[in-house]
Amino acid sequence: MTAERKSPLTVRSYLAGVSGLARWCETQGRPVELDGQTVEDWTLALLEAGRTANTVIARQRAVRRFSAWLARKQIISADRLRDVKPPKLDEPIVPGLTDTQLRALLATCRPGAFHDVRDRALILFLAETGTRAAEVIAMELPDLNLAAGVAIVRRGKGGKGRVVPFSPQCAEAIDDYLRLRKRHRLAKAGSTALWLGARGRTFGYDGLYHAISRRGEAAGLGEIHPHMLRHTAAIRWLGKGGSPLRRGSWPSPAGAASTCCAVTSRLPRGSLRRRKHTGSTSAICDHNFSDGTSAVIWYVPIRPNAP
């Protein structure tokens, strides 16, 4: 998988699937067999234990991929999992936050403290760009261009990169965070990771999840998680008249698949001018790429201090 340039999260997911099957077989007193009946029984056990369909599908996919690899390398005589079908995937609707709820979330971030300033920047960035949690925590300092109001997602889902825009308000919040970041132990040690944890620690998915959920509780909004901010970005984009068919957008608010911006076809550099979308809070910016082309990028800024 490393040779195929799979992301670290994908590698961990696959390892979890294979090791999970082995542990289950051990608890059941069964030999570890890569056959259809064993894998189907294990899949059923995971579902009955309350694991989500997404998790079960990921675990089963890992085992099926492992079996296919063993057969391809002729470690086993044949792939006996070729005909095993994954469970049907439910598509629950993940709710988004209203502008009032977003402002309540931001109001829990008081100025001054490192984690408050960082969380404010994170909330604005997530809710405006629609980036995935894994994409956000993987960002590094060179991926950010505050002056242009854009950030680069180097490796999104499926290994695809893209540019995401954000508002001047978000840029200001990130700039406030970057000033405090300079004092961080890891920053002084040369870390290029954009987001860092409090008390000199690194910042991973658990830290991001805890930060957002803690803000939700403090704002009286109940359980809030990072993926809700991604859906919030989708809903806000469509609510302002954004087209669900534009490249870089998504098919529906409940199934957001990319960013809260739409990127037009690239054009020769110099043919675009920065402007605002008349009659809407949507905004437009031009971004120059290293290949000599430009792109028009739309986004929906958040107004943290709106009534």
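Is D99 buried, partly exposed or exposed? D99 is partly exposed, with a relative accessible area of 37%, where buried means under 20% relative accessible area, exposed means over 50%, and partly exposed lies in between (1.4 Å probe, protein chains only). The model is predicted, so local features need pLDDT of at least 70 and side-chain atom pairs count only at pLDDT 80 or more, whereas totals for chains, interfaces and linings use all residues. Residues are numbered from 1 along each chain as its sequence is written, and side-chain values use heavy atoms, with hydrogens and water left out.

**Salt bridges across the structure**
- A search of the whole structure finds 12 salt bridges, each defined as a side-chain nitrogen of Lys or Arg within 4 Å of a carboxyl oxygen of Asp or Glu.

**D99 and R236**
- The side chains of D99 and R236 meet in a salt bridge, with an N to O distance of 3.2 Å.
- This pair links distant parts of the chain, since D99 belongs to helix 4 (residues 99–107) and R236 to helix 10 (residues 226–239), 137 residues apart; helices here are DSSP runs (H or I, at least four residues), numbered from the N terminus.

**D116 and R215**
- D116 forms a salt bridge with R215, and the closest N and O atoms of the pair are 2.9 Å apart.
- Because D116 lies in helix 5 (residues 114–129) and R215 in helix 9 (residues 205–218), the pair ties together parts that are 99 residues apart in sequence.
- Both partners are buried, D116 with a relative accessible area of 10% and R215 with one of 5%.

**D176 and R179**
- A salt bridge also joins the side chains of D176 and R179, at 2.4 Å from N to O.
- D176 and R179 are three residues apart in helix 7 (residues 168–181), which means that about one helical turn separates them.
- D176 counts as partly exposed at 29% relative accessibility, and R179 is likewise partly exposed, with a relative accessible area of 45%.

- Salt bridges that share partners join D116, R118, D119, R214 and R215 into one network.

**The loop residue A78**
- A78 lies in the loop between helix 3 (53–72) and helix 4, and is partly exposed, with a relative accessible area of 40%.
- The C-alpha atoms of A78 and A68 are separated by 8.2 Å, the two residues being 10 residues apart along the chain.

Note on methods. Helices (H or I, at least four residues) and strands (E, at least two) are DSSP runs, numbered from the N terminus.
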